[in-house]
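Open the model in your viewer and keep the sequence panel beside it. The stops below can be taken in order.

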Amino acid sequence: MNVRQSAPDQAPELTGDVVAALRAGIRGQVLPASDPAFEAAALDVWNKLTPAGRRPGLIVRVADEEDVAVAVGFARAHRLKVAVRGGGHNWANPTLRNGGLLLDLGNLNQVVSIDPTTRRAVLQPIVSNREVQARLNALGLAYPSGHCPQVKLSGYLLSGGMSWNQGVWGTGVGSVEAIELVTARGERLIADKDRNADLFWAARGAGPGFFGVATRYHLKLYDLPRAIAGSSYFHPLSEAGAVARWLETLASSLPANIELSLFLLGAPPEVAAKCPPTDAGKACLVTATVFADSMEEARAALAPLDDGPAKARCLWSETAKPTDFEGLFDASGALWREGRRSHVDAMFFDASLADMVLAVRDHFLTVPAPEALVLFTIFTGPDVPAPLPDAAFSMSARYYGGPWTQWLRAEDDEAATLWHDQCLRLLTPLATGHYVSESSTIRHPAFIRKSYSETAWNRLQALRQAHDPEGVFFGPLEGLD
């Protein structure tokens, strides 16, 4: 294979025979920039707010796991940096880099095995949250999957995994027992606590900055809760501060199997009609989901939420409604819709919940994007979840959330961006850290470093140098505008 020589700081030029040789060596699809399908493949991303000119030099859509090893080996041999697309559902579009090889894992979408006896499963990376739960729930099993139905295992687990029932099951990555992966040298291996432990540690939290390609996840499973139920309460936006003060005093006395959240969002029509005129159709929504052994337990656990101080001014409520994971995904999918342009910045907080809500309540009245929302998830129970002791994911706090600014039209880009940035300025002083897969890390590179403890960040950099000394994989800040 011929590749024209170029200066060390330049990407090599891919000649036709080089591309042809790669095509002959894999079962998948190779798309150079000249291919008519290239542009659509490059922009197959979740966030439609795509950078105007940032494009890879070559796209490889692998057919199987062996293709991954061949493609990485090819990239290393020809000094092409690699970006890995694990489903496309990342708000910051980190897979779009200038030049290099975009490795698309979309065809690695199989549930390899589920063992109900040992409660273990092996899955390829491009299986969605909805599909994981559907396959497991049918067998009376569950997994701490993410909330958005379309999110694939790959990016979710590599970043840590903020999960359903996290107060009991922990983060998604906490139940990953082994990862099959391809290294920067194109080697296929298994990483767990005993084998290739450094890579196992890094893969569980490094996010899009991981210096390898995860091809299979070995998961620990749990019994499917016998009863899942939810309560919802819409309050006037003007009452958000009082509601937040009540929730922050109540949360520690609630059982840890309740997932509690406070939203600022546009009210649905039946609620908006009841909102005070000064709230401009915006509302404060409180949701509580419990994962219990019986409906009796579920109703008892949710009962304290029926006695809030703002109950008399509640605009609409629904209490202890039975549901399942399919229903939970439908509700989440209605809030985080496909095909939107987005800015997202999720943070960890140990400040007062009321201070956080009041910092952005009045600003939310001016939001130019009707689908935008501000979310704060409140961990229940007496203890704040501790960081995992053996994973790169190292953030933990009493609260998690921030602004999810979503809109449809390109002509609204400037107004939505200005609003989002001001919301971020109001909340950042109260935050203790960021979440690497739900932060604007391309626009705000400092948020990458702030997604890790100092110890974890320093170890990640040392391991990157040790396991990818030639820089085969794009670093977090490489190949950007």
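Predicted model: local features only at pLDDT ≥ 70, side-chain atom pairs only at ≥ 80, totals over all residues.

Residues are numbered from 1 along each chain as its sequence is written, and side-chain values use heavy atoms, with hydrogens and water left out.

**Salt bridges**

The structure holds 27 salt bridges (a side-chain nitrogen of Lys or Arg within 4 Å of a carboxyl oxygen of Asp or Glu). Select Glu39 and Arg55, whose side chains form one of them, at 2.9 Å from N to O. Glu39 belongs to helix 2 (residues 38-42) and Arg55 to the loop between helix 2 and strand 2 (58-61), so the pair ties together parts 16 residues apart in sequence. Helices (H or I, at least four residues) and strands (E, at least two) are DSSP runs, numbered from the N terminus. Glu39 is partly exposed at 38% relative accessible area, whereas Arg55 is buried at 17%. Here buried means under 20% relative accessible area, exposed over 50%, and partly exposed in between, with a 1.4 Å probe and protein chains only.

Next, select Arg188 and Glu65, a salt bridge of 3.1 Å, N to O. Arg188 is in strand 9 (residues 188-191) and Glu65 in helix 3 (residues 65-77), 123 residues apart. Which partner is buried? Glu65 is, with a relative accessible area of 5%; Arg188 is partly exposed at 44%.

Move to Arg341 and Asp413, where the salt bridge is 2.7 Å from N to O. This pair links strand 16 (residues 341-344), which holds Arg341, to helix 13 (residues 413-427), which holds Asp413, across 72 residues. Arg341 is buried, at 17% relative accessibility.

**A buried loop residue**

Select Thr441, in the loop between strand 20 (431-434) and helix 14 (446-449). Thr441 is buried at 7% relative accessibility. Neighbours within four places in sequence aside, its contacts (heavy atoms within 4.5 Å) are Ala92, Val436, Phe447 and Ile448.

**Aromatic rings**

Across the whole structure there are 16 aromatic pairs. Rings of Phe, Tyr and Trp (its six-membered ring) pair if their centres lie within 6.5 Å; planes under 30 degrees apart count as stacked, over 60 as edge-to-face and the rest as tilted. Phe349 and Phe376 are edge-to-face, with centres 5.9 Å apart and 75° between the planes. Phe349 lies in strand 17 (residues 347-349) and Phe376 in strand 18 (residues 373-378), so the pair ties together parts 27 residues apart in sequence. Phe349 is buried at 0% relative accessibility, and Phe376 is buried at 0%.

Then select Trp164, Trp169, Tyr222, Phe291, Phe325 and Phe329, which form one aromatic cluster.

**Helix 12**

The last stop is helix 12 (residues 353-364), whose 12 residues should span 16 Å at 1.5 Å a residue; its end C-alpha atoms are 16 Å apart, which agrees. The expected span is 1.5 Å times one less than the number of residues. Its buried residues are Leu353, Ala354, Met356, Val357, Val360, His363 and Phe364.
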